[in-house]
Amino acid sequence: MSVQLQSKERVYLLPLIAILLNFASCTTNNRNINRVSLVGAGASFPAPLYERWLSDYNQKNPNVKINYQAIGSSAGVQQLIEGTVDFAASDVGITNQQAAKIKRGVIALPITAGSVVLAYNLTPVARQSPQVNLSTGLKLPRQVYVDIFLGKITNWNHPRIATANPGVNLPDLPIQVIHRTDGSGTTSILTQHLSAISPEWKSKVGAGKAVAWPVGIGGKGNEGVTALIQQIPGAIGYVEYIYAKQNKLPMAALENKFSNYITPTPESVAQTLEAVKLPADNLIAFITDPTGVQSYPIVTYTWFLTYHQYPNRVKAQALKNFIDWALIEGQKSSLELGYIPLSKKVVIQVQSAAKKIAE
């Protein structure tokens with residue numbers, strides 16, 4: 001009786017094993033079919049957040065590999081035009097002239113936001129006067145930081161800086177301006193602001209991703225500028241907030257339109273963003289001189305640029321899936337890294353625009 005039962009069990013088990021093996025084979029094939037690689041390049045401004053996103057997303061979606069190179073907004077847009085990437089990133093979106101060169105069409109999606117800060121290195125002062133905490137927001141009036149970048153204020157103990165910072169023992173130390181050498185959205189954001197508040201800057205230098213700097217030393221990317229500020233006593237330069245925060249660089253409190261000195265914080269940046277209205281046609285807008293009483297003055301969205309049409313439908317769907325994840329789950333890690341989560345209103349706008357990919 002026992003032998004008969006064992007024989008019957010084998011009869012039933014053999015087909016079951018065959019079914020399971022066939023299912024496992026199909027699952028493996030599906031995994032292979034679903035594997036997709038995406039390549040993007042562009043702005044260094046959002047790079048720390050993108051790195052977190054891509055790592056988190058890959059853990060949940062191991063078949064999707066997304067590589068991003070922070071080579072600057074200008075280079076990223078150029079690669080999108082040339083068709084050598086699947087997506088790009090730019091802190092200034094994309095111009096109509098650039099978009100016209102892309103036969104497959106382009107969609108600009110604001111994906112996160114942040115601030116550009118003026119970070120500085122006055123370490124020698126901290127050693128000379130330990131009672132003065134210079135890491136908590138040296139105040140810089142609007143026309144003072146314009147004149148620093150124009151090369152008209154060249155020393156840290158200049159009377160106009162001293163007047164704004166009573167009680168601070170400013171050093172007799174030359175100011176060394178640090179700026180970007182690559183085509184940069186961060187540069188465009190800063191120079192748009194400087195042009196908005198200074199007719200002299202607007203006429204002599206102007207705004208753009210690359211300008212002829214009156215003074216200073218150049219560094220490549222936010223990383224390069226950050227490194228030079230760290231290395232050079234007396235340095236001042238502009239970087240995205242997270243780079244200054246991660247490297248513990250002091251950031252200046254900047255005078256806004258209401259003569260209030262505002263330190264860059266998530267709260268002050270969020271207040272500025274509330275005044276930005278994104279147009280329905282391309283979701284690209286800037287605010288060069290915010291009007292909020294407590295608004296930090298140099299703030300921007302940063303844009304994720306995709307093609308409208310993709311020959312590879314699998315890539316298109318993988319990209320749409322990632323964007324949808326970034327708009328919901330990805331926003332949760334924004335504040336931790338010093339970025340500003342998108343408002344619900346903006347998320348809805350971006351979701352609607354992203355649906356047009358490959359349609």
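A nonpolar core is a set of buried Ala, Val, Leu, Ile, Met, Phe, Trp, Tyr and Cys residues joined through side-chain atoms within 4.5 Å. In this predicted model, the largest such core holds 109 residues. Leu118 and Leu140 touch the most other members. Strand E4 supplies the largest share of this core, with ten residues.

**Confidence**
- The average pLDDT of the protein is 88, and 87% of the residues score at least 70.
- Residues 1-33 have a pLDDT below 50, and this stretch has one contact beyond near neighbours in sequence.
- The pLDDT is also below 50 over residues 129-133, where the model shows four contacts beyond near neighbours in sequence.
- Where pLDDT is low, the predicted coordinates should not be read in detail.

**Around Leu118**
- Leaving aside neighbours within four places in sequence, Leu118 is in contact with residues including Leu140, Tyr145, Phe149, Leu190 and Leu254.
- Its other contacts include Ile236, Gly237, Tyr238 and Tyr296.

**A three-stranded sheet**
- Three strands form an open sheet in the order E5-E9-E10, with mixed pairing.
- E5 (139-140) and E10 (261-262) are the edge strands, each pairing on one side only.
- E9 (residues 253-255) and E10 run antiparallel and are joined by two bridges.
- Leu254 stands opposite Ile262 in E10.

**Helix H2**
- H2 covers residues 47-60 and has 14 residues.
- From first C-alpha to last, H2 reaches 20 Å, close to the 20 Å expected at 1.5 Å a residue.
- Its buried residues are Ala47, Pro48, Leu49, Tyr50, Trp53, Leu54 and Tyr57.
- These buried residues pack against strands E2, E3, E4 and E11, and against helices H11 and H13.

Note on methods
Residues are numbered from 1 along each chain as its sequence is written. This is a predicted model: local features need pLDDT of at least 70, side-chain atom pairs count only at pLDDT 80 or more; totals for chains, interfaces and linings use all residues. Side-chain values use heavy atoms; hydrogens and water are left out. pLDDT is the predictor's confidence in each residue, from 0 to 100. Contact means heavy atoms within 4.5 Å. Helices (H or I, at least four residues) and strands (E, at least two) are DSSP runs, numbered from the N terminus. The expected span of a helix is 1.5 Å times one less than its number of residues. Buried means under 20% relative accessible area, exposed over 50%, partly exposed in between (1.4 Å probe, protein chains only). Two strands pair if DSSP finds at least two bridges between them.
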